[in-house]
Amino acid sequence: MEAEWTEEAVQRITTENTTLKQRVRQLTADNRTLDARLKAARSNLRFQDRRVADGEARVAAPVDRT
């Protein structure tokens, strides 16, 4: 299929393509940042879960009154 492309159409498509590539780069960077934050939040949650479990175990343990 052959088509005639005007200079204006080529320029518009080129500009849109450049804009979309920049947007993809920005979204990729945002995704990496959010992924790192999610990993940190999960790590913090696991740490807090262990602290809570340790506290619950201490509360549930029988008291030695000797």
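Tutor: The following dialogue sets computed values against their definitions.

Tutor: This is a predicted model, in which local features need pLDDT of at least 70 and side-chain atom pairs count only at pLDDT 80 or more, while totals for chains, interfaces and linings use all residues. Residues are numbered from 1 along each chain as its sequence is written, and side-chain values use heavy atoms, with hydrogens and water left out.

Student: How many helices and strands are there in the chain?

Tutor: The chain has 1 helix and 0 strands. Helices (H or I, at least four residues) and strands (E, at least two) are DSSP runs, numbered from the N terminus.

Student: Why is the chain called more spread out than a compact globule?

Tutor: The radius of gyration is taken over C-alpha atoms, and the globule rule is 2.2 Å times the number of residues to the power 0.38. For 66 residues that rule gives 11 Å, whereas the chain has 28 Å, well over that value, so it is more spread out than a compact globule. Along the principal axes, the C-alpha atoms fill a box of roughly 95 × 20 × 10 Å. The C-alpha atoms of Pro 62 and Lys 21, 41 residues apart along the chain, are separated by 63 Å.

Student: What makes Trp 5 count as exposed?

Tutor: Buried means under 20% relative accessible area, exposed over 50%, and partly exposed in between (1.4 Å probe, protein chains only). Trp 5 has 56% relative accessibility and therefore counts as exposed. This residue is found in the segment before helix H1 (7-60). Pro 62, in the segment after H1, counts as exposed because its relative accessibility is 76%. Buried residues make up 2% of the 66 residues in the chain.

Student: Which residues make the nonpolar surface patch?

Tutor: Trp 5, Val 10 and Ile 13 make a patch of about 290 Å². Patches consist of residues with over 30% relative accessible area and no salt bridge; nonpolar side chains (Val, Leu, Ile, Met, Phe, Trp, Tyr) are joined within 5 Å, and like charges within 9 Å. Accessible areas come from the Shrake-Rupley method with a 1.4 Å probe; for residues, only the protein chains shown count as cover. The chain exposes about 6700 Å², of which carbon and sulfur atoms supply 54%.

Student: How do you know that Glu 16 forms a salt bridge with Arg 12?

Tutor: A salt bridge is a side-chain nitrogen of Lys or Arg within 4 Å of a carboxyl oxygen of Asp or Glu. The closest N and O atoms of Glu 16 and Arg 12 are 3.2 Å apart, so the pair meets this definition. Both residues lie in helix H1, 4 residues apart, about one turn of the helix. Glu 16 counts as partly exposed because its relative accessibility is 40%, and Arg 12 likewise counts as partly exposed, at 45%.

Student: How many salt bridges does a search of the whole structure find?

Tutor: The search finds 2 salt bridges. One of them joins Asp 35 to Lys 39, with the closest N and O atoms 3.3 Å apart. These residues are separated by about one helical turn because they are 4 residues apart in helix H1. Asp 35, at 35% relative accessibility, counts as partly exposed, whereas Lys 39, at 52%, counts as exposed.
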